[in-house]
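Here is my note for a colleague who is meeting this structure for the first time. Please keep the model open while reading the points.

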Amino acid sequence: GNSFKISEACTLCNTCVNVCSTSNISREGEKLIFGENCIFCMRCLYTCPQKAIIPHWSARWAVLKDWYDLKKIVHDPAI
């Protein structure tokens with residue numbers, strides 16, 4: 001969770017909160033909080049409609065340039 005920060009583009013839509021598999025992201029008022037249970041699945045980063053989640057400089061190596069369609073991967077029986 002310390003590997004990500006939220007930019008001003010965030011609209012507090014709660015998409016990241018809802019897709020987090022470990023309930024690591026919570027909303028406190030007008031702010032999103034990342035906890036210590038992050039497993040670095042990056043669902044939050046790839047599903048954010050505003051692309052407002054920014055990886056810390058040390059985690060940028062893990063982000064794919066063209067992102068990926070998480071829903072397609074989840075529903076693909078070959079994977």
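1. Leucine 12 counts as buried, at 16% relative accessibility. Buried means under 20% relative accessible area, exposed means over 50%, and partly exposed lies in between (1.4 Å probe, protein chains only). Leucine 12 sits in the loop between strand 1 and helix 1 (15-19). Its phi is positive, about 55°, although leucine 12 is not a glycine. Most residues other than glycine have a negative phi.

2. Asparagine 14 lies in the loop between strand 1 and helix 1. Asparagine 14 also has a positive phi, near 70°, and is not a glycine. Is asparagine 14 buried or partly exposed? Asparagine 14 is partly exposed, with a relative accessible area of 25%.

3. A word on the basis. This is a predicted model, in which local features need pLDDT of at least 70 and side-chain atom pairs count only at pLDDT 80 or more, while totals for chains, interfaces and linings use all residues. Residues are numbered from 1 along each chain as its sequence is written, and side-chain values use heavy atoms, with hydrogens and water left out.

4. Now the overall layout. The protein has three helices and four strands. Along the sequence they follow the pattern β-α-β-β-α-β-α. Helices (H or I, at least four residues) and strands (E, at least two) are DSSP runs, numbered from the N terminus. Of the 79 residues, 25% count as buried. Contact means heavy atoms within 4.5 Å. Of the contacts with a separation of 6 or more, 45% join residues 24 or more positions apart.

5. Lysine 5 gives one example of a link across the sequence. Lysine 5 belongs to strand 1 (residues 4-6). Its C-alpha atom is 5.3 Å from that of isoleucine 54, 49 residues apart along the chain. Leaving out residues up to four places away in sequence, lysine 5 touches Ala52, Ile53 and Ile54.

6. Which residues have the most contacts inside the largest nonpolar core? They are Phe4, Cys16, Ile25, Phe34, Cys44, Leu45 and Ile53, in a core of 14 residues. Strand 3 (31-34) and helix 2 (43-47) each supply at least two residues of this core. Helix 2 gives the most, with three residues. A nonpolar core is a set of buried Ala, Val, Leu, Ile, Met, Phe, Trp, Tyr and Cys residues joined through side-chain atoms within 4.5 Å.

7. Cysteine 16 deserves a look of its own. Setting aside neighbours within four places in sequence, cysteine 16 is in contact with Ile25, Leu32, Cys44 and Ile53.

8. The whole structure holds two cavities of 30 Å³ or more. On a 1 Å grid over the protein atoms alone, a cavity is a set of points where a 1.4 Å probe fits but cannot get out; lining residues have an atom within 4 Å of a point. Grid points are joined across faces, edges and corners, and a volume is the space filled by probe spheres set on the points.

9. The largest cavity has about 90 Å³ of space. It is lined by 14 residues, and Cys20, Cys38, Ile39, Cys41 and Cys44 are the closest to its centre.

10. The second largest cavity has about 70 Å³ of space. Of its 13 lining residues, Cys10, Cys13, Cys16, Leu32 and Cys48 lie nearest its centre.

Terms used
1 Å grid on protein atoms, 1.4 Å probe; cavity = no way out; pocket = protein on both sides within 12 Å on 5 of 7 lines; lining within 4 Å.
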